[in-house]
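Please look over the sequence and the 3D structure below.

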Amino acid sequence: MNEAVIGGEVRIGALHIGATAVALVAAALGTDFDSGAATMLSCTAILLLGLPHGALDMVGLLGARSRTRAIASYLALAGAMAALWWVMPGAALLLFFAVAIGHFGEDWPGPGLIAHGGALALLAAPLLFHRAKIDALFAIIAGPGAIPPLANSLLLVAPVAIAAGLTGCALLWSAGRRMLAASSAAALAGMVLLPPLVGFALSFGLFHSPRQFARGLAELGGKAGPGGRAWRFPVTAASAASLLLVLVIAWLGAPEVSVPALSAGVLRGTFVVLSVLTVPHMMMPLVLRMAGRNVAERGA
């Protein structure tokens, strides 16, 4: 592994561990992380820190041989996920979790069982000490019907998943990637000890997204344009459009203009938009292949 990658891991890991430590201290001092304002702040952090790495897909779509076919395929996948939220929100939340486990597994080392176990741990760990808060979040996002089957299943597998995650941390440590190992452990600790939305904001925004963004830029390589900066406009535009969509969903879903109503709308909008973007994001190699661009060229 080259020095640039290791240096990036150290910087990202130090930021993530520091932010998690601050949040843990704040929670110990009695900070109210469950207020409507805190919910909106956490969702804002999730979106601002998390959207750019997925928005890099726009660079790949615009660079496809058949740009129209690539964009149409991407939008069709996103539209199918949006439609599922409309007709079966509980199933949409379940599918989002399944896709997220596959995607987050890219952040963990080792065989598939360890990698996906670590990813599952990040989603299941909050059930150990925050079941009531998870139930409340699921009810807002997908309705009360989504609570029992999904939450009970996550609680059932949480101990094994956390063990897999800790094994992944140990593998990283033994491989000499100690900052990444510590950051992975901090992500697990944050999901166990912090309020679920805060823990997710930290793990998604400062553990997962920066690494995925760096990986995406590396895959684009010299194809990103003069000076490697041509990605900035499509990424900024796609991120801004996604933020606007979250606000529209929040506004449409708020029965009144109040912090509790708006925070619930922003919460639901955040996870709906994340899922709508995550499904085509995971399918990008297939989308590019269908558009006539060899996937191998993407990393060339």
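## Helices H5 and H6

H5 passes H6 in a right-handed crossing. A crossing is right-handed if the near helix is turned clockwise from the far one by less than a right angle, and left-handed if anticlockwise. Helices here are DSSP runs of H or I with at least four residues, strands are runs of E with at least two, and both are numbered from the N terminus. This is a predicted model, in which local features need pLDDT of at least 70 and side-chain atom pairs count only at pLDDT 80 or more, while totals for chains, interfaces and linings use all residues. Residues are numbered from 1 along each chain as its sequence is written, and side-chain values use heavy atoms, with hydrogens and water left out.

How do the axes of H5 and H6 cross? They come within 8 Å, at roughly 130°. That makes H5 oblique to H6. Axes are lines fitted to C-alpha atoms, for helices over the stretch in contact, and angles run from 0 to 180 degrees between N-to-C directions. Angles under 35 degrees count as roughly parallel, over 145 as roughly antiparallel, 65 to 115 as roughly perpendicular, and the rest as oblique. H6 spans residues 112–124.

Which residues meet? From H5 come Phe97, Ala100, Ile101, Gly102 and Phe104, and from H6 come His116, Ala119, Leu120 and Leu123. This contact of H5 with H6 has 7 nonpolar, 2 polar and no charged residues. Ala, Val, Leu, Ile, Met, Phe, Trp, Tyr, Cys and Pro count as nonpolar, Asp, Glu, Lys and Arg as charged, and the others, Gly among them, as polar. Contact means heavy atoms within 4.5 Å.

## Helices H4 and H5

H4 covers residues 67–87, and H5 covers residues 89–104. Their axes come within 5 Å and cross at roughly 135°. H4 and H5 are therefore oblique to each other.

On the H4 side, the meeting residues are Met81, Leu84, Trp85 and Val87. On the H5 side, they are Pro89, Ala91, Ala92, Leu93, Leu95 and Phe96. By class, the contact of H4 with H5 has 10 nonpolar residues, no polar and no charged.

## The whole chain

The chain has 14 helices and 0 strands. It holds 300 residues, and 49% of them count as buried. Buried means under 20% relative accessible area, exposed means over 50%, and partly exposed lies in between (1.4 Å probe, protein chains only).

Residues 24 or more positions apart account for 75% of them. The chain exposes about 13,800 Å², and carbon and sulfur atoms supply 73% of that area.

Ser184 sits in helix H9, residues 178–193. Is Ser184 buried or exposed? At 0% relative accessibility, Ser184 counts as buried. Leaving aside neighbours within four places in sequence, Ser184 is in contact with Trp108, Cys169, Leu172 and Phe207.

Ala26 belongs to helix H1. Ala26 has 17% relative accessibility, so Ala26 counts as buried. Ala26 touches Thr31 and Phe33, not counting residues up to four places away in sequence. Ala26 and Leu194 are 168 residues apart in sequence, and their C-alpha atoms are 9.8 Å apart in space.

Where is Ser35? Its place is the loop between helix H1 (3–28) and helix H2 (36–55). Ser35 is partly exposed, with a relative accessible area of 24%. Along the chain, Ser35 and Val259 are 224 residues apart, and 8.9 Å separates their C-alpha atoms.

Thr236 lies in helix H11, residues 232–253. With 52% relative accessibility, Thr236 counts as exposed. Thr236 and Pro52 are 184 residues apart along the chain, and their C-alpha atoms are separated by 7.3 Å.

Key: Accessible areas come from the Shrake-Rupley method with a 1.4 Å probe; for residues, only the protein chains shown count as cover.
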